[in-house]
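Visitor: I'm new to this and would like to learn how to read a structure. Could you walk me through some features?

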Amino acid sequence: MTAGEMCATVCIRNNHLFCREWPELRGLQRDRCLLRHLSIFARVMYLAHTRLPVECTVRLSRRPAFDPSCEKVVEMDIVSTIKSSKMRPYQWLIVLICMFCNMVDGFDFFAMGFVLPHLPAEFATTSGKGYLISAGLVGMALGAMFVAPLADRYGRRILILSGLSTNIAAMILTAFAVNVEMMTAGRLLTGIGVGVISATMIVVAQEFSSVARRNFAIGIVTVGFPLGSTLAGLTGVSILGLFGGAWQAMFWVGACVSGLGLIIVYALLPETLSFLVASDTPNSHQKIARISSRIGIVYDRGAEQRSTESESEADGQATVAKEGVLSPRLRERTLLLWIGYTFLTAAYYFVGTWTPQLIADASGSAQSGTVAGTIISVGSLAGSIIFGIIGLKFLATRIAWSALSLAVVSLVLFTVTMGGPLALVMAGVLGLAVFVSVSSFTAMAPPMYPVTIRARGYGLMVGISRIGAVVTPILAGYAAGSFSAKSIFLAASIPLAISAVAAVRLWLVTRGELHRELADAFSESAGTVEDTTPTQQSERA
C-alpha cells in the first residue's frame, strides 16, 4: 500500500452495510465520493441478489480535509445531493406550488362542463357543445407535445409562467365570447395552457424531490387535478347561482385563480437545479448558488476543471439528448410509455365520463348513475393519496402494473354485479386503481429520460395519450346505441389490460436502472454508514 492510502473493509450482514474503519474515515474526508466507494460492494451484492454475509476490502486514497479538488464534488453533485438528501421545507413548498398549479389546471379544464347547462340554446347546439369539450382536449395535446418540450431549451419556470399567462388570456377570451366559435377558440387556448403546465410541473416536482420521496411528492401533485375539478363544481353551484346563471362569472373566477397562480409561481418557484447544471453558464451558476442557499445546501463552484467522471457522464447525456426520445437506448421505453399511458387514459376518461350515463340507462335511475359516478370520483381522489403512500416503498413501475391488474378485476366485478351493493364497492376500487395507475405513469416517466430531453419525453407521452381521451368518449357514444352497458364495460377492460402488459414490460426493462439510482442515492446520502442498504430497498421494489 502506498503512502497516503488506507484499506477499509465493508461487509453486509442482515441487509445492513458496515464499515469497521468508519470513525477514522469520517475524520479524513466527508464528501460523497467516499460513501460512493464504500457502497461498491453493496451494489454488486444487490445486483447479484445475494444475501450471504460477505466482506470486501476496498482501497481508498487519503485526501486532506480541505482539498480544493473535493470542492468540485459540491458543484458537480448538486443534483445528486438533491436526489439523495432529506427533503428540506423549501423543496416541499415547491411540491405544494406544483400541486396548486395542477389544481388551477383542473379548475380551468373542467369549468366548461359546469357551464354547458347554463349556455342559451341559441348560443350553442348539442354538437357545438361537444366541440367545446373536444377543443380543450385537443389543446392539451398540442400544448404537451409541441410547447412543453421547449422547457428543455428555455427552462421549466418560464414555461409554467407562460402556461398560466395563456390560461388567463384564454379565460378572459372565453368570458367575452359572443358565439360558439369564439368560445371554442378560447377553450382550445385553455387546453394549450393546461397541457404546458401539466407536462412541465411534474418535471419540476420530480427534479426537486429526493429519490426516496419522489413518488410521494408526485402523489401530492396529482391530488391537485381532482381538487381543481371539485373546486370548479363547488364554484359552479355557488357563483352561477349568485349571478343568476350568468356563465361568464365562471370564467372570470378561473382567470382570477390563474392570476393567483401566476403571482405565486413568479415569486416562489425557482428554475430547477437539473436544468441550470445542464445549462452550465455563468448566470446559471449564480442561480444555482441562490437556490441552493434557499434550500439549505452549501454550494461552491470550486475549481473550473471538472472531474473526468463527471465529464464522461455529461458526454453520455449529451449523446442521448442528441439522439432523442426514440434513440436506440430509449426507443422501447418511450413506445411502452406511449402505449401504456394512451390506453390507460382512454379507459380513465371513459370511466369518468360515461359511467353515470350507462348506469342510468341500465338501471332506469339517474340517481344510481350519479351515485356510481361520484363514488368513482372519490376513489380517484383517494388514489393519488394512496399512490403517494405506497410509493415510499415500491417503484412506480411495479405499482403501475399491480394497480392496473386490480383495475381490470374490479371493472369486471363491477360489470358482473351491476345493480347490486357490491357494484358500488367495486366502483370505488375501480376509481382508486385507475388513478393510482395514472399517478404511477406520471411518476415513472420523467426519470426515464436525461434532463436535456425530460420535458420532451414526458410531454410527448401526455400529448399522445390525449388521442385516447378524444376518441374514447366518441366511440362510447356510438356503442351506447348498439350494445348493452355490461358489454361496453367489459370491452373497457381491454385497454386496461393492454396498459397493464406495457407496464409489466416497462418494469422489467427499467427496474435495474431504477434500482441502481436508488443504490446511488443511498450511497451518497449523508449520515452513518450503518444503514439500510440498496439490497433491502430493492426487495421492496
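**A guided look**

Guide: Let's start in a loop: L116 sits between α6 (89-115) and α7 (126-147). Keep in mind that this is a predicted model.

Visitor: Is L116 buried or exposed?

Guide: The general idea is to look at relative accessible area, where under 20% means buried. L116 has 14% relative accessibility, so L116 counts as buried.

Visitor: And how far apart in space are L116 and K129?

Guide: Along the sequence, 13 residues separate L116 and K129, while C-alpha to C-alpha they are 7.0 Å apart in space.

Visitor: Which residues of α14 are buried?

Guide: S284, H285, I288, I291, S292 and I295 are the buried ones. Because they cover an arc of only 125° around the axis, they lie on the same side of α14.

Visitor: Which exposed residues are on the face turned away from that buried side?

Guide: That face of α14 carries P282, R290 and S293, which are exposed.

Visitor: What follows α14?

Guide: G296 does, and its phi is positive, near 110°.

Visitor: Now a single side chain. Where is S437 found, and what does its side chain reach?

Guide: S437 belongs to helix α19 (residues 421-444). With a relative accessible area of 0%, S437 is buried. To read a polar contact, look for a pair of N or O atoms within 3.5 Å. Here the side chain of S437 reaches the backbone nitrogen of L404 at 3.4 Å.

Visitor: Which helices each supply at least two residues of the nonpolar patch?

Guide: They are α16 (331-363) and α21 (485-524). The largest share, 3 residues, comes from α16.

Visitor: And I498, where is that found, and how exposed is it?

Guide: I498 is in helix α21. I498 has 33%, so it counts as partly exposed.

Key. Residues numbered from 1 in each chain as written. Predicted model: local features only at pLDDT ≥ 70, side-chain atom pairs only at ≥ 80, totals over all residues. Heavy atoms only, no water. Helix = DSSP H or I, 4+ residues; strand = E, 2+ residues; numbered from the N terminus. Buried < 20%, exposed > 50% of the residue type's maximum accessible area, 1.4 Å probe, protein only. Arc of directions from axis to C-beta. Polar contact = N/O pair within 3.5 Å; in protein donor to acceptor, adjacent residues only side chain to side chain.
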